[in-house]
Every structure is written in structure tokens, then in C-alpha cells.
Amino acid sequence: MTQMNLADEAKEKAIKQVMNGASLDDRKIVSEAIDRVIARRSNFTSETVIAEIGDAYETLREPRLLGGMILAANRKGRIEAINIVKGVRAKRHGANITLWKVL
């Protein structure tokens, strides 16, 4: 098994734990926000979805759910990664984030 396979397996395990740890209400909030963003934008980032969620984002029990659900949309062929851009959220200190294109 290669180092990359081990990393992929660890990533998948972590995503599964996040998804399983999230409440149904949180899943609904995030899923509906992603659907609305996909429905009206050709390019977006996770910060776009966070803005769509609004104040409810701060109440999510598992905010990492957002990343897992965006990856799920990618795996379903709804979106694809097109670039890495600098984020603008102060909490993340301008960390790089993925720019997504709606398919």
C-alpha cells in the first residue's frame, strides 16, 4: 500500500466520522445551502456556502460537515474543482480554498 493510499483512506475515514457525527438538522441546513448556491452560481467556494447558511453556520454542531458535503457533490458529478484561491474569512486567516465550477 502506498503512502497516498494511506492518506486517502485516512481522509475518507475522517469524512465518514464527520458525516456520521452531524445531526439531521445540520445536514439539511448545509445540503439546502449547497443546492441553492449550485442552482445560481457557476463558480463558488465554501465561503460562498457559509455566507448562504448565514448565522446558522455558527450553530452547526459539526461545521466540518460542509467540506464533506461539497466533496459528495463533487463525487456525484454536480461540481468540479477548478482552482485554489485565497479565502477572505478572518477566522481562517485567508487560507487557500477550492474554487468550484457547477457542471
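Biologist: Which residues does W100 touch, leaving out those up to four places away in sequence?
Modeller: W100 touches S42, N43, F44, T45, I70, L71, N74, I79, E80, A81 and I82, where contact means heavy atoms within 4.5 Å. Bear in mind that this is a predicted model, with local features needing pLDDT of at least 70, side-chain atom pairs counting only at pLDDT 80 or more, and totals for chains, interfaces and linings using all residues. Numbering runs from 1 along each chain as its sequence is written, and side-chain values use heavy atoms, with hydrogens and water left out.

Biologist: Is W100 buried or exposed?
Modeller: W100 counts as buried because its relative accessibility is 8%. Buried means under 20% relative accessible area, exposed over 50%, partly exposed in between (1.4 Å probe, protein chains only).

Biologist: And where is W100 found?
Modeller: In strand 3, residues 96-102. Helices (H or I, at least four residues) and strands (E, at least two) are DSSP runs, numbered from the N terminus.

Biologist: How many bridges join strand 2 to strand 3?
Modeller: Seven, and strand 2 (residues 79-86) runs antiparallel to strand 3. I79 stands opposite V102 there. Strand 1 (residues 43-44) also pairs with strand 3 in the antiparallel sense, over two bridges, and N43 is opposite K101. Pairing takes at least two DSSP bridges between two strands.

Biologist: Switching to the core. Which residues have the most contacts inside the largest nonpolar core?
Modeller: V30, I34, V49 and L66, in a core of 22 residues. Helix 1 (3-21), helix 2 (24-40), helix 3 (46-53) and helix 4 each give two or more residues to this core. By nonpolar core I mean buried Ala, Val, Leu, Ile, Met, Phe, Trp, Tyr and Cys residues joined through side-chain atoms within 4.5 Å.

Biologist: What does I34 touch, not counting residues up to four places away in sequence?
Modeller: V49, L66, M69 and I70.

Biologist: Which residues of helix 4 are buried?
Modeller: L65, L66, G68, M69, I70 and A73, within a helix spanning residues 65-75. After helix 4 comes G77, with a positive phi near 80°.

Biologist: Last one: which element supplies the largest share of the lining of the largest pocket?
Modeller: Helix 4, with five residues. By class, the lining has 11 nonpolar, five polar and five charged residues.

Methods
Ala, Val, Leu, Ile, Met, Phe, Trp, Tyr, Cys and Pro count as nonpolar, Asp, Glu, Lys and Arg as charged, and the others, Gly among them, as polar.
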